[in-house]
Amino acid sequence: MIFAAGLGTRLRPLTDTMPKALVRVGGKPLLWHVMSKLSAAGYERVVVNVHHFADQIISYLQVNDFGLDVRISDERELLLETGGGIKHARSLFDDESPLLIHNVDILSNVDLDWFARQHEPDEDAVLLVSRRSSKRHLLFDNAMRLMGWRNVETGEVKSPYEYVRLTGLSQHGEPFNEFAFSGIHSFSPRLFPLMDRFPDRFSIIDFYLSVCHRSRIVGCLKPDLQLLDVGKTDTLAQAEEFLGRKE
């Protein structure tokens, strides 16, 4: 699934007339870059959620389907955020296989076929993470199991474990491993029933944090990860150099 429904407010004025997914980087829309990677990795079906300038994305995919079975998850009535977007699209997925979830504005050197193979049968979700500067870090124990989230600037901690919320530390008083989330993750359909109690609109990170004490939500650390979040106008200037470097 490609998250392409966002308003792209940080990319204004470009997104005053087009969706973020069709903003061009290296001469091609952001959506082209992700779809091309999925096709090259051997994927056969892709779900794309739409909201902002939805018709433009649908028209683009009608002409450029990359040989994939493209399904549209329509969020034009209400933008559902990342967790709600997955929940809303449930009927479009295979109930047996893990789902690769990819933000449309992420460029990276990740081999998506390699990443899919990191999802072990007993794991419910695998989050691609790395050591890089970020205002928000995910907290993992030494087995790379998700334990919480920390806002680096404010010190706020979210976790289903009270001792983590109170201290920000493990039960033994040790600091957690802190990594930045990449916007790329693998999601097991086993998690869908746990979404039933959630509203239509919610964050997937908030969902993971609410169930990580009873589900296996793990991090996958890629030390050589090269990643660029093309979410705001000042990163567009870096994007072409980034594309050349990662190739």
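## Salt bridges, helix packing and loop residues

The side chains of D105 and K20 meet in a salt bridge, 3.1 Å from N to O; a salt bridge here is a side-chain nitrogen of Lys or Arg within 4 Å of a carboxyl oxygen of Asp or Glu. The pair links distant parts of the chain, 85 residues apart: D105 sits in the loop between β6 (99-103) and β7 (106-108), and K20 in the loop between β1 and β2. Helices (H or I, at least four residues) and strands (E, at least two) are DSSP runs numbered from the N terminus.

This is a predicted model, in which local features need pLDDT of at least 70 and side-chain atom pairs count only at pLDDT 80 or more, while totals for chains, interfaces and linings use all residues. Residues are numbered from 1 along each chain as its sequence is written, and side-chain values use heavy atoms, with hydrogens and water left out.

**Salt bridges**

- D105 is buried, with a relative accessible area of 6%; buried means under 20% relative accessible area, exposed over 50%, and partly exposed in between (1.4 Å probe, protein chains only).
- K20, the partner of D105, is also buried, with a relative accessible area of 15%.
- E178 and R150 form a salt bridge through their side chains, at 2.9 Å from N to O. E178 belongs to strand β12 (residues 177-187) and R150 to strand β10 (residues 146-151), so this pair ties together parts that are 28 residues apart in sequence.
- E178 counts as partly exposed at 26% relative accessibility, whereas R150 counts as buried at 19%.
- In total, the structure holds 14 salt bridges.
- One of these pairs is D229 with R10, whose side chains meet at 4.0 Å, N to O. Because D229 lies in strand β14 (residues 227-229) and R10 in the loop between β1 (2-3) and β2 (24-25), the pair ties together parts that are 219 residues apart in sequence.
- D229 is partly exposed at 33% relative accessibility, and R10 is partly exposed at 46%.

**Helices α1 and α2**

- Helix α1 (residues 30-40) packs with helix α2 (residues 54-63) at an angle of about 45°, and their axes are 12 Å apart. The axes are lines fitted to C-alpha atoms, for helices over the stretch in contact, and angles run from 0 to 180 degrees between N-to-C directions.
- α1 and α2 are therefore oblique to each other; angles under 35 degrees count as roughly parallel, over 145 as roughly antiparallel, 65 to 115 as roughly perpendicular and the rest as oblique.
- The crossing of α1 past α2 is right-handed, meaning that the near helix is turned clockwise from the far one by less than a right angle, with anticlockwise being left-handed.
- L31, W32 and M35 of α1 and I57, Y60 and L61 of α2 make the contact, where contact means heavy atoms within 4.5 Å.
- These contact residues of α1 with α2 divide into six nonpolar, no polar and no charged. Ala, Val, Leu, Ile, Met, Phe, Trp, Tyr, Cys and Pro count as nonpolar, Asp, Glu, Lys and Arg as charged, and the others, Gly among them, as polar.

**Helix α3**

- G83, G84, G85 and I86 are buried in helix α3 (residues 81-88).
- The cover over the buried residues of α3 includes β1, β5 (69-74), β6, β12 and α6.

**Loop residues**

- Q171 is in the loop between α5 (162-167) and β12, and it counts as exposed at 64% relative accessibility.
- Q171 and Y161 are 10 residues apart in sequence, with 9.8 Å from C-alpha to C-alpha.
- H213 is in the loop between α6 (204-211) and β13 (217-221), and counts as partly exposed at 39% relative accessibility.
- H213 is in contact with R145, P160 and Y161, leaving aside its neighbours within four places in sequence.
- H213 and G168 are 45 residues apart in sequence and 15 Å apart in space, C-alpha to C-alpha.
- R132 is in the loop between β8 (125-130) and β9 (136-140), and at 29% relative accessibility R132 counts as partly exposed.
- R132 touches H137, A180, F181, S182 and L227, not counting residues up to four places away in sequence.
- R132 and L225 are 93 residues apart along the chain, and their C-alpha atoms are separated by 9.4 Å.
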